[in-house]
2 protein chains.
Amino acid sequence: MKVIIDAMGGDNAPQAPIAGGVRAVNELGVDIVFVGKTDIIKNELKKHAYPSEKVSIAHAETLISNHEEPAKAVRSKKDSSIVVAANMLKNGEGDVLLSMGNTGALLAAGLLIVGRIKGVLRPALATVLPSAKGPKMLIDAGANTNCKPENLVQFGIMGSIYMKGVMDIEKPTVGLMSNGEEEGKGDELTKETFPLMREAPINFIGNIEGRDVMEGTADVMACDGFVGNVILKTVEGMGSVVGREVKSIFTGSLLTKLGALFVMKGIKSFRKRMDYREYGGAPLLGTKKPVIKGHGSSDEKAVFNAVRQAKKFVETGIIDEIVKHIN
Amino acid sequence: MKVIIDAMGGDNAPQAPIAGGVRAVNELGVDIVFVGKTDIIKNELKKHAYPSEKVSIAHAETLISNHEEPAKAVRSKKDSSIVVAANMLKNGEGDVLLSMGNTGALLAAGLLIVGRIKGVLRPALATVLPSAKGPKMLIDAGANTNCKPENLVQFGIMGSIYMKGVMDIEKPTVGLMSNGEEEGKGDELTKETFPLMREAPINFIGNIEGRDVMEGTADVMACDGFVGNVILKTVEGMGSVVGREVKSIFTGSLLTKLGALFVMKGIKSFRKRMDYREYGGAPLLGTKKPVIKGHGSSDEKAVFNAVRQAKKFVETGIIDEIVKHIN
């Protein structure tokens with residue numbers, strides 16, 4: 001199993017992708033090929049110990065930054081780390097691609113270079129979010145806007161296959177994100193999607209609402225990518241505001257610091273459960289080969305967990321299952 | 001100033017609407033007419049002391065429950081508390097209407113009975129949410145799905161007028177909720193809306209994202225009601241999950257209870273700032289007379305604050321301002 005890692009993508013590149021990747025070589029036994037500027041990667045690798053036969057480098061002269069227009073950049077920058085990595089995946093020089101870089105560029109590379117599975121109308125970005133009932137999937141989390149009902153149904157099918165394979169949930173429940181629980185609620189898109197969902201080969205539980213995101217009512221939450229992106233960022237933003245606030249309360253005085261000591265164990269355990277770094281990255285579902293988008297702010301631990309997830313993505317044959325179920 | 005309160009609507013009716021209303025009579029000097037079953041209201045009023053000339057009752061034989069189809073119920077149940085109250089507002093038997101009941105029914109009553117301001121295409125439900133930078137407005141929070149660009153622009157204008165009048169913000173900033181900050185980001189609706197927003201008589205600051213909801217980047221967040229409803233409920237759901245979790249951490253053992261004592265003051269102050277009950281209800285903006293939707297789970301304090309807000313809604317002449325600016 002060889003994992004292709006875009007060593008240049010993300011806020012903490014190249015340190016985090018390389019540290020996390022090397023840790024995965026040592027602890028999970030995978031092979032890794034790092035894609036990016038050879039001298040930079042070589043330099044960074046010197047900090048780590050690993051079996052040298054399991055790590056290689058593929059040179060890419062440039063990179064696509066977060067500010068570039070994705071599709072245009074993918075078309076024009078053939079020597080960027082994301083494009084080189086996507087071509088390697090396509091050509092079988094690795095089993096799965098992981099990048100913490102420009103989300104749009106990775107999606108465009110997935111679509112234009114790796115290619116769609118036959119029958120998949122639009123591949124989707126699927127994010128695994130923490131909830132009161134464990135990790136749940138939000139799909140689409142931002143790859144597609146102005147979706148059609150057929151897109152949402154495919155998101156439900158692909159999400160179910162992934163949650164079964166990678167998260168070991170036997171019959172994942174699928175909810176349709178709407179503005180009310182009752183069947184009649186929704187906008188034009190969700191109202192048209194509802195009856196199609198009921199006919200689809202999934203464990204459909206009906207409409208869900210925003211409050212179900214953190215309650216964890218459904219294993220797979222299907223929605224348009226505009227809505228999914230807004231949900232994802234609302235949750236992240238709220239997490240960061242609450243986190244800052246709690247920190248400031250706890251460090252207010254000597255007394256609050258003492259109080260914090262007593263509750264720190266519980267707080268830490270809660271934070272761990274709510275930590276995006278525990279859940280790896282966001283798989284792109286619907287491409288011919290597995291592509292995973294790691295969080296832009298990923299540290300070594302987040303990259304390591306994303307590689308573990310990438311390994312499971314390949315081993316469980318998710319792609320073959322999607323091919324089998326979508327037509 | 002006379003406030004019309006639907007005494008039968010909400011999870012805690014009739015106790016909370018009546019207790020909160022009576023408190024407003026005593027502390028704010030408003031007149032109140034409670035609408036609902038006379039004997040039930042009379043019985044409840046016995047628990048309270050107030051100047052009798054400032055409180056009256058308007059009889060309504062039935063009510064519209066949360067499970068009824070709103071528009072149909074408003075058309076058929078002429079003797080329900082919401083319909084009676086809306087007719088009183090229309091006929092000038094009160095200055096503002098407050099209900100904690102069925103949201104859809106109140107919206108339908110606002111539209112069908114109270115009526116739209118000339119030029120307002122679709123009245124919107126505007127919710128005031130807490131944020132790191134104080135209360136901010138989310139408009140539309142669920143009244144309208146499948147909006148047109150012109151609707152969103154009007155939401156921005158009406159929201160600005162309200163935030164200036166009721167929240168005393170001199171030049172409220174308006175953000176367009178999207179899936180990215182850059183001008184080119186968005187779905188078809190927001191991309192078409194962006195240039196219109198820039199031409200509108202508002203302090204438009206461009207696209208905002210989900211993370212800006214809790215950060216409080218814009219005073220007015222304009223969006224389609226489907227998206228607004230999902231945001232609102234996502235925030236509420238996350239608040240409730242985090243609240244439950246913190247409570248369980250603090251009550252875990254004698255030691256954590258002791259620790260909780262030391263940080264309780266800070267936690268309480270934070271909770272107060274994040275408490276929807278502090279911010280009153282959600283105004284319906286765009287109707288000929290002021291209508292406010294109180295939270296379904298409102299207690300006495302939330303109702304009291306909603307009446308205070310209703311008073312300001314009337315006194316600051318928001319409706320005249322909307323008439324002046326929309327055409």
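This passage describes the fold of each chain and the way the two chains meet in a predicted model.

Residues are numbered from 1 along each chain as its sequence is written, while chains are lettered from A and ligands numbered from 1 in the order in which they are written. Because the model is predicted, local features need pLDDT of at least 70 and side-chain atom pairs count only at pLDDT 80 or more, whereas totals for chains, interfaces and linings use all residues.

Chain A has 12 helices and 11 strands. Helices (H or I, at least four residues) and strands (E, at least two) are DSSP runs, numbered from the N terminus. The radius of gyration of chain A is 20 Å, close to the 20 Å given by the globule rule for 327 residues, so chain A is as compact as a globular protein of that length. Here the radius is taken over C-alpha atoms, and the rule is 2.2 Å times the number of residues to the power 0.38. Along the principal axes, the C-alpha atoms of chain A fill a box of roughly 60 × 60 × 35 Å.

The strands of chain A build an open sheet. Its 11 strands follow the order 3-2-1-4-11-10-5-6-9-7-8, with mixed pairing. Two strands pair if DSSP finds at least two bridges between them. Strand 3 (55-59) and strand 8 (203-208) of chain A stand at the edges, each with a single partner strand, so one side of each has no neighbour in the sheet. From one strand to the next, the twist averages 25°. Strand 1 (residues 2-6) and strand 4 (residues 96-99) of chain A pair in the parallel sense over four bridges. One bridge partner in strand 4 of chain A is Val96(A), which faces Val3(A) in this pairing.

Helices pack on this sheet. Helix 11 (residues 300-315) of chain A touches strand 1, strand 4, strand 10 (282-285) and strand 11 (291-293) of chain A. Its direction makes about 155° with that of strand 4 of chain A. Helix 1 (residues 15-28) of chain A lies across strand 1, strand 2 (31-36) and strand 3 of chain A. Helix 1 of chain A runs at about 165° to strand 2 of chain A. Axes are lines fitted to C-alpha atoms, for helices over the stretch in contact, and angles run from 0 to 180 degrees between N-to-C directions.

In chain B, 11 strands form an open sheet in the order 3-2-1-4-11-10-5-6-9-7-8, again with mixed pairing. Strand 3 (55-59) and strand 8 (203-208) of chain B are the edge strands, and each pairs on one side only. Strand 7 (residues 173-177) and strand 9 (residues 220-222) of chain B run parallel and are joined by three bridges. Met221(B) of strand 9 is the bridge partner of Gly175(B). Helix 6 (residues 149-167) of chain B packs on the sheet. Helix 6 touches strand 5 (124-129), strand 6 (136-139), strand 7, strand 9 and strand 10 (282-285) of chain B.

Helix 4 (residues 81-90) and helix 5 (residues 103-114) of chain B pack at an angle of about 35°, with their axes 10 Å apart. Residues of this contact include Ile82(B) and Ala86(B) of helix 4 and Ala109(B) and Ile113(B) of helix 5. The contact divides into nine nonpolar, two polar and one charged residue. Ala, Val, Leu, Ile, Met, Phe, Trp, Tyr, Cys and Pro count as nonpolar, Asp, Glu, Lys and Arg as charged, and the others, Gly among them, as polar.

The two chains are related by symmetry. A rotation of 180° with 0.0 Å of shift along its axis superposes chain A on chain B (RMSD 0.0 Å). That is the relation of a two-fold axis. Superposition is by least squares on the C-alpha atoms of residues with pLDDT of at least 70 in both copies. Of the residues of chain A, Gly259(A) comes closest to the axis, at 1.8 Å (C-alpha). The same surface serves both copies, as 100% of the contact residues of chain A recur in chain B.

At the interface, 44 residues of chain A are in contact with 44 residues of chain B. Contact requires C-beta atoms, placed from the backbone, to lie within 7 Å. Helix 8 (211-215), helix 9 (225-250) and helix 10 (254-273) of chain A each give two or more residues to the side that touches chain B. Helix 9 of chain A gives the most, with 17 residues. By class, this side of chain A has 23 nonpolar, 12 polar and nine charged residues.

Technical notes:
Two residues are in contact if their C-beta atoms, placed from the backbone, lie within 7 Å.
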